[in-house]
Amino acid sequence: MEILLAETSRLGRRVIAEMLERRGDVVHCCGDGHEALRELHENPDIDVLLTSIELPGVCGLELCWDARILAETRAPIYIIIMSSSRERSMLVEVLDSGANDFFRKPPLEGELHARMRSAERLLKAQRDVLWLSQTDSLTGVANRRRFFSLLREEIERLSGDPLSLVMLDIDRFKGINDRYGHDIGDKVIQALAAHFTGRTGIFGRVGGEEFCWALPGCPLSLAVDMAEEVRLAIEAGEVPSPLGPIRFTSSLGVAQHHAGDTVEDLSRRADEALYDAKESGRNRVSTRLAKPPQLLTA
């Protein structure tokens, strides 16, 4: 694990860091609260915050609160606070501040290792739950909620750069399910998702056989070319079945974000473009442009 160790004493930092390194952990050491706070914000790979409550600048409890806020927007962080104080009220304050664990300094190596193993178990459970809440279990890509959350974040951080959205689904998918069964239908969905492995952008399954592909930094013309490349790859692929190989196609709709667009505006235009592709024969890429603003007349 990657551990942020915040401890005022230089000797204390060295002793605790050596205990953790013997366990195989990567330890980032800080001697004051401001330095620890900066490391916490700049390093998203921190698994455990191990901090003394007595820190100059920013105390351990403030670090604890900040780590809890960060954990709401990125991977979970396990927080252990240590103190040389013997006051029982300290434990209550620490746990109320959001810490997972507390011990008195100096730690015994066996006890410290046991607490790290406990941290590993809880972090794994939390990350498993987080993965399940954000991931489509059939394909392993982002689920609808996660995809549109990421798209909203991308739109909020736009500063003049282009962003395009591709919506696609499998042509005549009901017929595939009816003829080959839902197990084979699932394999077709997985095969489509596999075409996006390693591709740029954000990809998610937003419906039964419907997917979305967000392309930050990509203007409409380039997004159309990329969508066409995917369409051809899907058309050329096949899925094995007891009744022989299945060939299938997809229809894709593309729209570009324009100033003032919400997620809903952009999604609606991409969905309308997808409808156009379906209505004009399927297995093709269509686009929808934003309507120009209406001029006021006297």
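In which loop is arginine 172 found? In this predicted model, arginine 172 sits in the loop between strand 6 and helix 7 (173-180).

**Backbone features in loops**

- Arginine 172 is not a glycine, yet its phi is positive, at about 50 degrees. With a relative accessibility of 57%, arginine 172 counts as exposed.
- Arginine 282 likewise has a positive phi, of about 70 degrees, without being a glycine. Its place is the loop between helix 10 (263-279) and strand 10. A relative accessible area of 28% makes arginine 282 partly exposed.
- Lysine 105 and proline 106 are joined by a cis peptide bond, with omega about -5 degrees. Proline 106 belongs to the loop between strand 5 (101-104) and helix 5.

**The largest pocket**

- The largest pocket holds about 380 Å³ of space. Two elements give two or more residues to its lining, namely helix 5 (109-134) and helix 6 (144-156).
- Helix 6 makes the greatest contribution to this lining, with 5 residues.
- The lining is made up of Ala71, Glu72, Thr73, Arg74, Leu130, Ser133, Gln134, Arg145, Arg146, Ser149, Leu150 and Glu153.
- By residue class, the lining of the largest pocket comprises 5 charged, 4 polar and 3 nonpolar residues.

**Helix 6**

- The 13 residues of helix 6 should span 18 Å at 1.5 Å a residue, and the distance of 18 Å between its end C-alpha atoms agrees with this.
- Phe147, Phe148, Leu150, Leu151, Glu154 and Ile155 are the buried residues of helix 6. Viewed down the axis, they fall within an arc of 160 degrees, so they line one face of helix 6.
- Arg145 and Glu156 are exposed on the other side of helix 6.
- The cover over the buried residues of helix 6 includes strand 6, strand 7 (202-205), strand 8 and helix 10.

**Helix 9**

- Helix 9 (residues 220-236) contains 17 residues and reaches 24 Å from its first C-alpha to its last, close to the 24 Å expected at 1.5 Å a residue.
- Its buried residues include Leu220, Ala223, Met226, Ala227, Val230, Arg231 and Ile234. These cover an arc of only 145 degrees around the axis, which places them on the same side of helix 9.
- An α-helix has 3.6 residues a turn, so residues three or four places apart point the same way.
- On the other side of helix 9, the exposed residues are Ser221, Asp225 and Ala236.
- Among the elements covering the buried residues of helix 9 are strand 6 (163-170), helix 8 (182-194), strand 8 (210-216), strand 9 (250-256) and strand 10 (285-287).

**Tyrosine 78**

- Tyrosine 78 lies in strand 4 (residues 78-83). Its relative accessibility of 4% falls under the 20% cut-off, so tyrosine 78 counts as buried.
- Beyond its neighbours within four places in sequence, tyrosine 78 is in contact with Asp47, Val48, Leu49, Asn100, Asp101, Ser118, Ala119, Leu122 and Leu123.
- Between tyrosine 78 and glutamate 272 the C-alpha to C-alpha distance is 45 Å, and the two residues are 194 residues apart in sequence.

Definitions and conventions. Residues are numbered from 1 along each chain as its sequence is written. This is a predicted model: local features need pLDDT of at least 70, side-chain atom pairs count only at pLDDT 80 or more; totals for chains, interfaces and linings use all residues. Side-chain values use heavy atoms; hydrogens and water are left out. On a 1 Å grid over the protein atoms alone, a cavity is a set of points where a 1.4 Å probe fits but cannot get out, and a pocket is an open set with protein on both sides within 12 Å along at least five of seven lines; lining residues have an atom within 4 Å of a point. Grid points are joined across faces, edges and corners, and a volume is the space filled by probe spheres set on the points. Helices (H or I, at least four residues) and strands (E, at least two) are DSSP runs, numbered from the N terminus. Ala, Val, Leu, Ile, Met, Phe, Trp, Tyr, Cys and Pro count as nonpolar, Asp, Glu, Lys and Arg as charged, and the others, Gly among them, as polar. The expected span of a helix is 1.5 Å times one less than its number of residues. Buried means under 20% relative accessible area, exposed over 50%, partly exposed in between (1.4 Å probe, protein chains only). The arc is that of the directions from the helix axis to the C-beta atoms. Contact means heavy atoms within 4.5 Å.
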